[in-house]
Amino acid sequence: MPRKKTEEQAQAPPSGSSGNASWTSDDQIFAYARSGKSGICITSFEETRVEAEIIGVVDRLNSVKKPGQKDWNLHIWSVTQGIDGIPETEDPLAMLAAFQEKCPERSIMLARDFHAFLAGDPNPMLVRKLKEILMDGKTKNKVFIVCGAELKLPIELQKEMAVIEFKLPDRAQLNFVLEKFAESAGVYLDGNREPILDSASGLTTSEAEDAFAMSVVKCGDIKPEIIAAEKAQTIKKNGILELFETTARAEDIGGLENLKGWLAKRRAAFTREAKDYGLPTPKGILVTGIPGVGKSLTAKAAASILNVPLLKLDVGRVFGSLVGQSEQNMRMVIETAEAIAPCLVWCDEIEKGLGGSQSSGQTDGGTTARVFGTFLQWMQDKTAPVFVFATANDISKLPPEFLRKGRFDELWFADLPDADERAQIWRLHLNKRGRKADGFDLESRATRSEGFTGAEIEAAVCEALFASFDDGKRGLNDDDLLESIRNTVPLSRTMAAQIDGLRSWAQGRARRASAVKETTSKSRKIA
């Protein structure tokens with residue numbers, strides 16, 4: 001008889017969409033079984049949800065079978081318990097033999113974590129036996145399903161098995177879990193359902209349920225802010241994506257008025273009203289420029305401007321040591337970002353992570369190129385409201401296909417701040433540290449700090465504060481600021497040739513992030 005759902009599996013939400021937008025994952029399994037496909041590999045962290053889907057598929061198969069045909073049966077195997085109902089089948093080879101010899105036609109075998117036995121240098125006998133079972137299964141209506149968190153198939157089996165990737169649960173599935181949990185916990189969802197679902201987006205069903213439970217334990221209710229905090233901890237586990245908490249605003253950035261204005265016009269870009277108006281969803285921007293001029297700060301502020309969560313992507317951590325791990329990591333990043341959407345994905349100094357893609361065929365077997373290609377294709381085709389904010393100090397290391405229109409909405413160049421912008425930056429950092437900026441000669445300080453980046457102005461303010469603190473904790477004055485300026489050698493002086501080259505490249509290729517007013521300065525003539 002077909003295996004029945006356990007109580008836990010009965011609480012599993014209905015399937016979400018998979019690779020094909022019109023086909024759910026259980027639709028795909030159902031279609032493969034009916035078409036005679038004998039091998040399926042499912043990648044998912046949600047084993048219970050997968051098992052519930054397959055039990056549902058068995059029920060569907062039996063509902064459409066012809067009169068006189070035998071029922072479909074489901075068998076589940078694990079290395080610790082073997083096949084349910086068949087003793088001494090804990091060993092993988094014994095399990096394969098039992099499935100071939102003892103399980104009747106129209107059987108489905110779900111092998112938990114079997115991918116671990118196929119990774120690396122698998123046992124040739126195991127691979128051979130599985131190939132024989134897959135060939136035999138095509139004539140006997142037998143389906144062998146591997147379920148695990150990673151896709152690990154030896155090359156001998158890659159053409160024999162279909163691959164289905166269970167996506168993270170969508171909003172409808174999370175709502176199903178929320179309703180079931182609220183009912184069991186006796187919690188009333190008093191009009192805060194939508195914020196809760198926003199906070200839970202990007203979690204698996206079990207992670208969402210755990211977050212709901214943690215919220216109830218902490219405050220007796222399901223609070224979006226507690227769910228968001230739990231999600232931040234969950235996302236941090238992979239070390240690749242980080243849910244970045246930021247308080248930065250557009251007002252915290254001195255200068256870059258053109259860039260800030262462009263972002264402000266897209267403040268409501270992810271709303272239903274914008275979509276109904278016919279506006280396309282912004283893809284993202286690439287900001288290049290001199291180190292220290294505020295590119296990273298603008299990325300943090302952009303999330304506040306657009307009113308979306310900020311995900312920081314560590315591109316370097318995408319690359320793993322195992323074969324296929326890097327590509328899998330990138331797919332996981334994309335899936336997580338799309339599940340949390342609308343959101344902003346911040347890729348800081350992206351050239352350091354993806355700049356070697358052109359030569360990777362000689363250095364890493366093409367891994368960087370494949371990861372880079374996956375990222376590019378996603379940026380080109382993505383329909384989810386994910387805004388990519390990439391920054392680069394040395395844009396020459398990025399291949400041209402990364403810069404063309406269609407990947408990003410705009411390419412921006414952030415130059416050294418002019419006199420007005422420097423005065424704004426002096427004011428910001430003095431006020432930030434409890435000093436009234438109006439009590440200082442900001443115009444003079446801005447003139448004296450020509451060629452300074454925003455980061456260097458901030459460092460000068462801190463240096464002056466250390467000096468005044470060391471001198472009897474007296475009040476900060478203009479002389480302290482002037483002395484710190486004298487003692488600073490700006491990057492525009494030590495790397496003048498490189499900065500001039502960057503400006504020359506940006507001429508006619510990128511939009512200026514600042515409205516240039518200062519034209520007599522040598523530092524601005526090239527621009």
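Predicted model: local features only at pLDDT ≥ 70, side-chain atom pairs only at ≥ 80, totals over all residues.
**Entry 1: confidence**

Before going further, I looked up the confidence. The mean pLDDT of the protein chain is 84, with 90% of its residues at 70 or more. I marked residues 17–21, where the pLDDT is below 50; this stretch has eleven contacts in the model beyond near neighbours in sequence. I also marked residues 518–527, again with pLDDT below 50, and there I found 28 contacts beyond near neighbours in sequence.

**Entry 2: helix H10**

H10 covers residues 257–264, and its buried residues are Leu-259, Lys-260, Trp-262 and Leu-263. Looking down the axis of H10, I see these buried residues fall within an arc of 160 degrees, so they line one face of the helix.

I found an open sheet of seven strands with mixed pairing, in the order E7-E9-E10-E11-E8-E12-E13. Its edge strands are E7 (241–244) and E13, each of which pairs on one side only. Then I checked E8 against E11: the two run parallel and are joined by five bridges. Thr-288 stands opposite Ala-392 in E11.

**Entry 3: the cores**

Which residues touch the most other members of the largest nonpolar core? I got Leu-286, Ile-350 and Phe-402, out of 71 residues in that core. A second, separate core has 23 residues, among them Trp-77, Ile-83, Leu-130 and Phe-144. As a reminder to myself, nonpolar side chains tend to be buried together in soluble globular proteins.

**Entry 4: cysteines**

How many disulfides does the count come to? It comes to zero. I took Cys-147 as a case: the nearest cysteine sulfur, that of Cys-41, is 8.5 Å away, and Cys-147 is in no disulfide. The cut-off for a disulfide is a pair of cysteine sulfur atoms within 2.5 Å.

Is Cys-147 buried or exposed? Cys-147 counts as buried, because its relative accessibility is 2%. Cys-219 has 38% relative accessibility, so I noted Cys-219 as partly exposed.

Methods: Residues numbered from 1 in each chain as written. Heavy atoms only, no water. pLDDT = per-residue confidence, 0-100. Contact = heavy atoms within 4.5 Å. Buried < 20%, exposed > 50% of the residue type's maximum accessible area, 1.4 Å probe, protein only. Helix = DSSP H or I, 4+ residues; strand = E, 2+ residues; numbered from the N terminus. Arc of directions from axis to C-beta. Core = buried A, V, L, I, M, F, W, Y, C linked by side-chain atoms within 4.5 Å. Pairing = 2+ DSSP bridges.
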